[in-house]
Amino acid sequence: MTPIQRCVKEKNTNITPIWIMRQAGRYLPEFREIRVKNPDFIKLCLNENLSSEITLQPIKRFNFDAAIIFSDILMLPYGLDQEVKFEKGLGPKLGELDLDKLENISEDKFNKKLSSVYQAISKTSVNPILKNKDLIGFIGAPWTILVYMVNRMSPKNDLSKKIFKDNLFIKKLLIIIEKFLKIHIENQIKAGASLIQIFDSWAGLQEENISEYIYEPTLNLVNHTRKLGVPVICFPRGIDNYKNFCDVIKPDMVNIDYNVDPRKAVKEIKIPIQGGLDPKVLLTDKKNLHTEAVKYLQIFKDHPYVFNLGHGILPETKIEMVEELVKIVREFK
Ligand code: CP3
């Protein structure tokens, strides 16, 4: 069994595996080299050879315990035929959303549009470098995907648009998103993903309808993944009450964000925990990194824990700080 699976399934507290959210990305010179030659981000995600190569870059450099497939949560709206573009410095931009058109998208068409993502997973999963390591497949949670599809760009911290108050519209859209996320999960698992992570980056923006918009659809996806025999990690970033989330959803592991007090989390949350360290700590110095990383390692020493950050690694992070972090985690006794 891989180290992460031992944490998750056996609740082993003697090992602390490590991987990093957004580990395959812009802080790596070898990624940037590929990226400048491939200005279209979606096309890059759909290039199975390059996607596989980028997925393995951080493994070669840092020997992390898991690789996460190089793709994006917004490949889902792309698969549903909504235009998705990434403009330099602006983040994602999505095209118009047409509910009638969406209701008529066939499973076949969706599978064809995303087939290279699954081929990238198949190809990567058999690479010997991943021996005794996990290959993580992922999705955006229904609510976060909906936020991007409706807002058509990152929402900052504001969902004041009238359409977000239209409960019927939101529910119809959530049903379609959930249906295709289930297919997307199943396809990734069939291709060789050994774990699934659900990113709910905008969970913190929903308070009024949290049961209907966050808990229920997420619960359905967690149960779906588990039926397929693969553990599932949830990351409900910014949600008010992680304990309540875990009690209701019962994922196999939860990733806490950097605003969660780890001492409170370790007392309240009964399932395996991942992450927490503020990615900004990697922008400071080695001494401070040591203090902060050891804080998490100490607090979670008797709890099944996978080391990770409390959000994605920042593009300006220096390689040597990541090397240092891996060393600290591996040498901690
Ligand atoms: O290394 C990995 O984690 C695997 C690949 C991965 C990417 N995005 C690649 C990517 C994963 C797991 C994601 C998840 C993702 N994508 C999330 C959830 C996590 C989070 O950060 O909250 C979200 C919200 C997105 C949507 C998205 N994709 C945004 C908002 C942006 C632009 C802003 C940014 O952070 O760069 C992207 C682009 C993106 N996805 C890049 C990468 C490597 C940068 C592309 C570039 O080179 O310009």
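Is arginine 6 buried, exposed or partly exposed? Arginine 6 is partly exposed, with a relative accessible area of 32%. The scale behind that label uses a 1.4 Å probe and protein chains only: buried is under 20% relative accessible area, exposed is over 50%, and partly exposed lies in between.

The model is a predicted one, so local features need pLDDT of at least 70 and side-chain atom pairs count only at pLDDT 80 or more, while totals for chains, interfaces and linings use all residues. Residues are numbered from 1 along each chain as its sequence is written, and side-chain values use heavy atoms, with hydrogens and water left out.

Start with the charged side chains. A salt bridge here is a side-chain nitrogen of Lys or Arg within 4 Å of a carboxyl oxygen of Asp or Glu. The count comes to 17 salt bridges. One of them joins arginine 6 to glutamate 10, at 3.6 Å from N to O. Arginine 6 and glutamate 10 are four residues apart in helix α1 (residues 3-10), so about one helical turn separates them. Helices are DSSP runs of H or I with at least four residues, strands are runs of E with at least two, and numbering goes from the N terminus. Glutamate 10 is partly exposed, at 45% relative accessibility.

Helix α12 (residues 242-249) holds another such pair, aspartate 247 and lysine 243, four residues apart, about one turn of the helix. Their side chains meet in a salt bridge at 2.6 Å, N to O. Aspartate 247 is partly exposed at 38%. Lysine 243 is partly exposed at 33%.

Helix α13 (residues 262-268) carries glutamate 268 and lysine 264, four residues apart, about one helical turn. Their salt bridge is 3.9 Å, N to O. Glutamate 268 has a relative accessible area of 28% and is partly exposed. Lysine 264, at 48%, counts as partly exposed. Elsewhere, salt bridges link Asp81, Lys109 and Lys113 in a network.

Two lysines deserve a look at the backbone. Lysine 11 is not a glycine, yet its phi is positive, about 55 degrees. Lysine 11 sits in the loop between α1 and α2 (29-37). Its relative accessibility is 46%, which means partly exposed. Lysine 250 also has a positive phi, near 50 degrees, in a residue other than glycine. Its place is the loop between α12 and β7 (253-255). At 53% relative accessibility, lysine 250 counts as exposed.

Now the sheet. What is the strand order of the open sheet of seven strands? The order is β1-β4-β5-β6-β7-β8-β9, with parallel pairing. β1 (66-68) and β9 (305-306) stand at the edges; each has a single partner strand, so one side of each is left without a neighbour in the sheet. Two strands pair if DSSP finds at least two bridges between them. β1 and strand β4 (residues 134-140) pair in the parallel sense over three bridges. Within this pairing, alanine 67 has leucine 135 in β4 as its bridge partner. Helix α11 (residues 210-227) packs on the sheet and touches β4, β5 (195-199) and β6 (232-235). The direction of helix α11 makes about 160 degrees with that of β6. Contact means heavy atoms within 4.5 Å. Axes are lines fitted to C-alpha atoms, for helices over the stretch in contact, and angles run from 0 to 180 degrees between N-to-C directions.

Asparagine 151 is found in helix α9 (residues 142-151). Its relative accessibility is 11%, so asparagine 151 counts as buried. The side chain of asparagine 151 reaches the backbone oxygen of methionine 153 at 3.0 Å. Leaving out residues up to four places away in sequence, asparagine 151 touches Lys161 and Phe164.

Last, the cysteines. A disulfide is a covalent bond between the sulfur atoms of two cysteines. The working cut-off is a pair of cysteine sulfur atoms within 2.5 Å. How many disulfides does a search of the whole structure find? The search finds zero. Cysteine 246 is in no disulfide, and the nearest cysteine sulfur, that of cysteine 234, is 8.0 Å away. Cysteine 246 counts as buried, at 5% relative accessibility. Cysteine 45 is buried as well, with a relative accessible area of 0%.

Definitions and conventions: Polar contact = N/O pair within 3.5 Å; in protein donor to acceptor, adjacent residues only side chain to side chain.
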